[in-house]
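Look at the structure, then read on.

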Amino acid sequence: MVAKGEFTVTVSKKEVVAAVLPLQEHWLPLSNLDLLLPPVDVGVFFCYKKPAYSGEHSMSFSSMVDVLKRSMAEALVSYYALAGEVVSNYIGEPELLCNNRGVDFVEAYANVELKDLNLYNPDESIEGKLVPMKKNGVLSVQATELKCGGIVVACTFDHRIADAYSTNMFLVSWAEIAQSKQISVLPSFRRSLLNPRRPWCVDAALDDMYVPISTLPPPKEQNEASDYLISRIYYIGSDQLNELQALASSSGRKRTKLESFSAYLWKMVAQSGAANDGRISKMGVVVDGRTRLSEGDNDKSALMGSYFGNVLSIPFGGQRVDVLIEKPLSWVATQVRDFLENAVTKEHFLGLIDWVEARRPEPAFAKIYSCGRDDGPAFVVSSGQRFPVSKVNFGWGKPTFGSYHFPWGGEAGYVMPMPSPAGNGDWVVYMHLSKKQLELIETEGSNVFRPLTYDYLTYN
């Protein structure tokens with residue numbers, strides 16, 4: 001067994017993969033919803049076993065890399081935004097220059113077997129080793145050969161250009177092209193879909209959710225050595241999810257699995273403070289606005305379904321730590337439902353677009369991103385249920401495992417639940433929370449959150 005972090009990654013080749021067809025250089029403005037994202041990068045990675053024999057030969061690492069590069073060059077014709085670069089325009093706002101500079105592509109070797117990768121602790125096994133640091137452009141890719149003949153394919157995206165929905169679209173299209181299939185969704189970059197209204201109609205309540213960056217105080221230095229954010233990956237069995245949903249729904253109204261899970265996690269995070277703690281703990285939930293913005297309009301529904309960019313909002317709620325600890329799960333789930341209710345509407349997203357327009361060019365972002373400075377614990381739950389892990393098959397089989405990796409740099413924690421690659425109703429959960437919070441979760445919630453192991457992946 002490889003000991004903690006005890007493997008090295010050797011880079012063998014670096015090159016730039018551009019779109020296979022020449023593209024007309026042009027500027028693509030960011031939408032108002034893109035402008036709400038700080039310059040952070042999102043990682044995603046997929047682990048594959050050594051390919052089975054095909055005919056007389058098994059696929060070599062070099063032949064797999066050739067497939068990845070060739071199919072990516074084709075995919076970038078449609079997904080040309082990913083081959084560009086972000087630059088500042090004349091008023092200082094980020095804008096996309098679609099110049100086909102290409103995607104930095106790294107080939108590497110790691111002297112570790114897939115079964116020995118510590119997936120539970122991605123800070124140790126993934127960060128800075130298997131997921132590339134993006135230095136230029138919008139997207140970077142790393143393909144790493146493992147000692148056992150397996151391969152890890154990892155990408156790092158500029159979040160200002162792509163949300164999880166857009167990233168998933170690209171990954172599926174890339175895999176479809178690799179298998180010589182027609183891509184199922186052609187991306188749309190039609191920014192007019194997110195144009196502000198004339199005249200604007202700005203809801204003052206949005207001032208509680210979003211904030212101009214200039215109004216934020218400088219971040220405080222962490223005093224405690226134990227008070228820092230770390231990443232872990234767990235799995236939650238479908239039985240536990242069903243049980244949480246039943247408990248969260250006991251008030252007579254059925255809650256979704258995401259609402260139930262979020263409520264349970266909110267209670268757990270609150271417990272990491274003192275029981276008599278009067279501070280306020282905040283939790284946000286990422287909402288995708290594509291279906292909301294196209295509500296009642298079939299034509300717009302199809303366009304929004306293929307829209308590439310950010311269509312997100314992060315509503316959040318706050319409750320006293322001691323109240324969250326004392327109240328039953330069903331009460332906490334109702335609080336989650338209450339703060340989500342106003343943000344899952346068409347009017348909310350139209351208002352958010354107008355809110356940004358009224359403040360441009362001053363940059364702003366979600367208030368909860370910087371929560372946790374002076375108050376109680378804060379975190380965001382994203383919804384990764386559309387994560388297409390089983391569809392990212394480049395021709396040598398489905399991934400044994402896949403996950404987002406997003407130590408986002410905010411002062412609040414970040415949690416991303418995704419479907420298990422086993423396809424059995426279990427969830428895989430990437431968690432970026434404080435060391436203290438995760439220690440409590442592993443103690444008090446060990447029946448729900450179980451460390452992700454290779455045994456779990458192969459058993460299922």
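## Charges over rings

A charge sits over a ring if NZ of Lys or CZ of Arg is within 6 Å of the ring centre and within 35 degrees of the ring normal. The charged end of R232 does this with Y120, at 5.4 Å from the ring centre. K129 lies over the face of F7, and here the distance to the ring centre is 4.2 Å.

## About the model

This model is predicted: local features need pLDDT of at least 70, side-chain atom pairs count only at pLDDT 80 or more, and totals for chains, interfaces and linings use all residues. Residues are numbered from 1 along each chain as its sequence is written, and side-chain values use heavy atoms, with hydrogens and water left out.

## A stacked pair

Rings of Phe, Tyr and Trp (its six-membered ring) pair if their centres lie within 6.5 Å; planes under 30 degrees apart count as stacked, over 60 as edge-to-face and the rest as tilted. The structure holds 26 aromatic pairs. F46 and F387 are stacked because their ring centres are 5.6 Å apart and their planes meet at 10°.

F46 is in strand 3 (residues 41-48), and F387 is in the loop between strand 16 (378-381) and strand 17 (401-405), 341 residues apart. Strands are DSSP runs (E, at least two residues), numbered from the N terminus.

## An edge-to-face pair

Y48 and W396 pair edge-to-face, with 5.9 Å between centres and 75° between planes. Y48 lies in strand 3 and W396 in the loop between strand 16 and strand 17, so the pair ties together parts 348 residues apart in sequence. Both Y48 and W396 are buried. They also belong to one aromatic cluster, whose members include Y79, F157 and W174.

Conventions
Helix = DSSP H or I, 4+ residues; strand = E, 2+ residues; numbered from the N terminus. Buried < 20%, exposed > 50% of the residue type's maximum accessible area, 1.4 Å probe, protein only.
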